[in-house]
Amino acid sequence: MAELVYRPVVGFAQALFKAWDLKIDCRGSENIPRSGGAVLVSNHISYLDFVFNGMAALPQKRLVRFMAKESVFRHKVSGPLMRGMKHIPVDRKQGETAYAHALDSLRSGEIVGVFPEATISSSFTLKTFKSGAARMAQEAGVPLVPMALWGTQRLWTKGHPRNFRRSHIPVTMRVGEAMEASRDKYAGAITRHVRERVQELLEAAQRAYPVRPKDADDTWWMPAHLGGTAPTPEEVRAAEAH
């Protein structure tokens with residue numbers, strides 16, 4: 001079926017990124033299967049992460065169907081686009097519907113994008129991974145492809161203003177080798193393994209990132225354990241509890 005919405009949106013996004021003069025460094029795209037279903041698993045630090053995750057699959061000529069919260073599909077602007085790109089709405093009160101939709105997509109040979117942290121990490125470190133991605137891969141008989149990105153939080157993230165100026169912001173992405181989701185293994189164990197791999201890729205992306213904070217006012221996007229002023233995971237959990 002012709003992609004009447006997805007490909008024009010991709011072209012528009014690429015033009016915007018060029019206008020913003022983003023410095024995109026993506027390595028490992030060859031690890032994304034050229035055909036067949038797969039679950040693309042990534043960290044989540046920005047509202048734009050799904051766009052960059054999708055771009056990582058373009059060299060393999062693949063389009064990724066992302067699972068996203070249902071409210072995005074009800075928005076008057078994003079809704080028609082999300083539906084046109086065949087992304088998958090997730091209503092947390094009826095999660096089984098989204099799960100079944102994702103399984104159908106995987107079995108039909110699609111790549112489904114999942115953020116197993118469920119929400120943006122305000123500490124810019126990995127949160128606990130939910131096991132849904134592993135369970136889907138097991139049930140559909142497809143691999144998991146781990147991925148990490150860094151720098152997208154400087155463009156637009158929770159609790160900070162958008163930065164869509166021509167700011168030359170680098171975005172670094174790393175895609176790891178596909179991982180088997182064996183049916184004879186516990187989904188929790190697979191999830192832990194995938195999280196460990198995403199952590200390794202995240203650290204690789206951070207090491208490769210060509211920019212460090214310019215001054216004390218520019219440390220908000222760096223996690224505390226790397227010397228930044230982002231809240232620690234413990235501080236985030238305490239704030240969310242209140």
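Predicted model: local features only at pLDDT ≥ 70, side-chain atom pairs only at ≥ 80, totals over all residues.
Residues are numbered from 1 along each chain as its sequence is written, and side-chain values use heavy atoms, with hydrogens and water left out.

With that in hand, look at Lys69, which is exposed because its relative accessible area is 54%. Lys69 belongs to strand S3, residues 64–69. Helices (H or I, at least four residues) and strands (E, at least two) are DSSP runs, numbered from the N terminus. Together with Arg92, Lys130 and Lys158, Lys69 forms a positive surface patch. Patch members have over 30% relative accessible area and no salt bridge, and like charges are joined within 9 Å. Lys and Arg count as positive here and Asp and Glu as negative, with His and the chain ends not counted. The place of a charge is taken as NZ of Lys or CZ of Arg.

S3 and S5 pair in the parallel sense over three bridges, and Val64 stands opposite Ile111 in S5. Strand S2 (residues 38–42) also pairs with S5 in the parallel sense, over four bridges, with Val41 opposite Val114. Two strands count as paired if DSSP finds at least two bridges between them.

Now follow S5 itself, residues 111–114. In a regular strand the side chains alternate between the two faces of the sheet. Here Ile111 and Gly113 point one way and Val112 and Val114 the other, and all are buried. Ile111 counts as buried because its relative accessible area is 2%. The C-alpha atoms of Ile111 and Gly37 are separated by 5.1 Å, although these residues are 74 apart along the chain.

Next come the charged pairs. Side chains of opposite charge can pair when their charged atoms come close. The structure holds eleven salt bridges, each being a side-chain nitrogen of Lys or Arg within 4 Å of a carboxyl oxygen of Asp or Glu. One of them joins Arg65 and Glu3 at 2.6 Å, N to O. Arg65 lies in strand S3 and Glu3 in the segment before helix H1 (6–19), so this pair ties together parts that are 62 residues apart in sequence. Arg65 is buried at 3% relative accessible area, and Glu3 is buried at 16%.

Another salt bridge brings Arg237 and Glu234 together at 3.5 Å, N to O. Both residues lie in helix H8 (residues 233–241), three residues apart, about one turn of the helix. Elsewhere, salt bridges that share partners join Glu3, Arg65, Lys86 and Glu110 into one network.

Finally, two backbone details deserve a look. Lys61 has a positive phi of about 60° although it is not a glycine; Lys61 sits in the loop between helix H2 (49–57) and S3 and is exposed, at 66% relative accessibility. Phe124 has a positive phi of about 65°, and it is not a glycine either. Phe124 lies in the loop between S5 and H6, but counts as buried at 2% relative accessibility.

Methods: Patch = residues over 30% accessible without salt bridge, like charges linked within 9 Å, V, L, I, M, F, W, Y side chains within 5 Å. Areas by Shrake-Rupley, 256 points an atom, 1.4 Å probe, with all protein chains shown as cover. Buried < 20%, exposed > 50% of the residue type's maximum accessible area, 1.4 Å probe, protein only.
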